[in-house]
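Thanks for coming. I will go through one model today, element by element. Here it is.

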Amino acid sequence: MSTSPGILDYSQQVGLPFYAYTAERMVNIVRTWAEHTWPITLSEAFALRDQCGWTPAPDDGRFFTTPVSNGEEDGVVRRETKNRDLISGIDVQLTTRAPVDLEPQVSAVTQSIYTGYRDALSRIYGPPKEYSTKNGPFSNWVLPNNASVRLPSLGTFIKINVNSPLETERKVVAAYY
């Protein structure tokens, strides 16, 4: 089932090209971003993006493709609204994104991958706050540095959101009100 180091191939099970990071590689990616010293400048974010093996879009390096994307831009470095030289976090897919109409044949695989990812992050960051939406389950961790990690399973793919401490605080305040 393995294609290259850190990537698993689920294409045969799903019936189309479908790849996912191993849990170990996913943890390395999350730790690279979440445990980095914040704030992170845009130039530091580009260096971290490159360290993760992601390919910047030719027109805007904040957008990128990953080895699991099948060539689609599947990640973004989010900029702070007040200081455009800093980032508020990243969003990146951890698996290939299958077409929505294939959700019935993909969801069992994505759910299994999600569970492995959640368990791997829980071993490092402790139990998450867990939620469920119409799109699927997600887990959320707030780290000691106040950065946060959100892991949603969206039926046909899994992604990760890493938020800066400032963005985490904004989300907590917004949820309160």
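Val27 is buried, at a relative accessible area of 11%; buried means under 20% relative accessible area, exposed over 50%, and partly exposed in between, with a 1.4 Å probe and protein chains only. This is a predicted model, so local features need pLDDT of at least 70 and side-chain atom pairs count only at pLDDT 80 or more, while totals for chains, interfaces and linings use all residues. Residues are numbered from 1 along each chain as its sequence is written, and side-chain values use heavy atoms, with hydrogens and water left out.

Val27 is found in helix H2. Helices (H or I, at least four residues) and strands (E, at least two) are DSSP runs, numbered from the N terminus. What does Val27 contact, leaving aside its neighbours within four places in sequence? Ala120, Leu121 and Ile124, where contact means heavy atoms within 4.5 Å.

Two packed helices are described by the angle between their axes and the distance between the axes. The crossing is right-handed, a label used if the near helix is turned clockwise from the far one by less than a right angle, with anticlockwise giving left-handed.

An α-helix has 3.6 residues a turn, so residues three or four places apart point the same way. The buried residues of H4 include Tyr117, Ala120, Leu121 and Tyr125. After H4 comes Gly126, with a positive phi near 85°.

Arg25, Thr32 and Trp33 make the contact from H2, and Ala45, Leu48, Arg49 and Gln51 make it from H3. In the loop between H2 and H3 is Pro39, joined to Trp38 by a cis peptide bond with omega about 0°.

Now the aromatic rings. Rings of Phe, Tyr and Trp (its six-membered ring) pair if their centres lie within 6.5 Å; planes under 30 degrees apart count as stacked, over 60 as edge-to-face and the rest as tilted. By this rule there are three aromatic pairs. One of them is Trp33 with Trp54, stacked, with 6.2 Å from centre to centre and 5° between the planes. Why does this pair tie together parts that are 21 residues apart in sequence? Because Trp33 lies in H2 (residues 23-34), whereas Trp54 is in the loop between H3 (42-51) and strand E4 (55-56). Trp33 is buried at 0% relative accessibility, and Trp54 is buried at 3%.

Tyr131 and Phe138 are also stacked, because their ring centres are 4.9 Å apart and their planes are at 20°. Is Tyr131 partly exposed or buried? Partly exposed, at 40%, whereas Phe138 is buried at 12%. Over the ring of Phe138 sits the charged end of Arg150, 3.8 Å from the ring centre; the rule asks for NZ of Lys or CZ of Arg within 6 Å of the ring centre and within 35 degrees of the ring normal. Trp33 and Trp54 come back in one aromatic cluster with Phe64.

Next, strand E7, residues 87-93, which holds Gly89. Gly89 is buried at 0% relative accessibility. Beyond its neighbours within four places in sequence, the contacts of Gly89 include Trp38, Val77 and Asn163. Val77 is twelve residues away in sequence and 6.2 Å away in space, C-alpha to C-alpha.

Last, two asparagines in loops. Asn70, between strands E5 (63-65) and E6 (75-79), has a positive phi of about 60° and is partly exposed at 43%. Asn146, between strands E9 (136-142) and E10 (148-152), has phi near 75° and is partly exposed at 31%.
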